[in-house]
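I opened the model to look up strand pairing, the ligand shell and a few backbone angles. My notes follow in the order I took them.

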Amino acid sequence: MKKDIFVVGAVIVNEDKILCAQRGVSKSLPLKWEFPGGKIESGETPQEALKREIHEEMNCQVEIGDHVEDTTYEYDFGIVHLTTYYCRLIEGTPTLTEHVAIKWLPRAELNTLDWAPADIPAIQKIMNHRVDSTV
Ligand SMILES: Nc1nc2c([nH]c(=O)n2[C@H]2C[C@H](O)[C@@H](COP(=O)(O)OP(=O)(O)OP(=O)(O)O)O2)c(=O)[nH]1
């Protein structure tokens with residue numbers, strides 16, 4: 001049976017643009033775009049995991065806002081359960097550490113990137129949101 005992988009992702013909004021991050025070439029889902037974040041560790045709430053991951057991965061602090069979407073997607077390596085939240089930067093500037101590129105895109109352009117398949121429902125939901133609905 002495939003393993004269940006519980007993951008949380010941050011839809012970081014700044015001046016009406018959304019932070020998109022590209023996975024490394026030697027990772028699973030190489031070069032796919034995703035929301036920064038990662039696996040929820042045992043004993044953590046999704047929000048705690050998200051704050052920790054963003055601090056570790058992007059070297060900044062976020063405030064977590066509204067829930068965006070819950071998606072389950074079966075990859076060959078496991079079943080990813082992805083939860084996403086809108087976030088706002090409260091300290092620091094996102095830095096490249098694990099990712100090979102980051103981009104700030106307006107909502108309407110999110111579908112120009114090659115996203116990890118688990119992210120597509122969240123991308124559609126974000127693109128359909130009213131422009132003034134953020135955190
Ligand atoms: N962080 C993040 N991961 C995502 C997203 N969409 C998606 O399918 N994933 C997958 C990729 C990974 O298999 C897993 C997250 O794992 P991770 O971020 O903690 O670890 P990792 O990149 O080192 O992944 P891995 O090489 O160990 O598989 O969820 C997303 O939007 N954000």
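Entry 1, strands. I started with β5 (residues 61–75) and β6 (residues 78–91), which pair in the antiparallel sense over twelve bridges. The model I am reading is predicted. Two residues separate β5 from β6, and the two strands form a hairpin.

I then turned to the shell around the ligand, to which β6 supplies at least two residues, as do β1 (4–14) and β4 (37–39). Of the 16 residues around the ligand, I noted the ones that come nearest: Ser28, Glu34, Gly38, Ala116 and Ala118. Sorted by class, the shell holds eight nonpolar, four polar and four charged residues.

I checked the UniProt record, an unreviewed entry, and its annotation "domain: Nudix hydrolase" covers residues 3–127. Over residues 3–127 I read 17% helix and 46% strand, with the end C-alpha atoms 31 Å apart.

Most residues other than glycine have a negative phi. I found that Leu29 has a positive phi of about 50 degrees, and that Leu29 sits in the loop between β2 (17–22) and β3 (33–34). Leu31 lies in the loop between β2 and β3, and its phi is positive too, near 65 degrees.

Leu31 counts as exposed because it has 12 C-beta neighbours inside 10 Å, and the cut-off for exposed is 12 or fewer.

How values were computed
Residues are numbered from 1 along each chain as its sequence is written. This is a predicted model: local features need pLDDT of at least 70, side-chain atom pairs count only at pLDDT 80 or more; totals for chains, interfaces and linings use all residues. Two strands pair if DSSP finds at least two bridges between them. Helices (H or I, at least four residues) and strands (E, at least two) are DSSP runs, numbered from the N terminus. A residue is near a molecule or strand if its C-beta atom, placed from the backbone, lies within 6 Å of it. Ala, Val, Leu, Ile, Met, Phe, Trp, Tyr, Cys and Pro count as nonpolar, Asp, Glu, Lys and Arg as charged, and the others, Gly among them, as polar. UniProt positions are given in the numbering used here, feature names are shortened, and annotations may be inferred rather than shown by experiment. A residue is buried if 20 or more other C-beta atoms lie within 10 Å of its own, exposed if 12 or fewer, and partly exposed in between; C-beta atoms are placed from the backbone.
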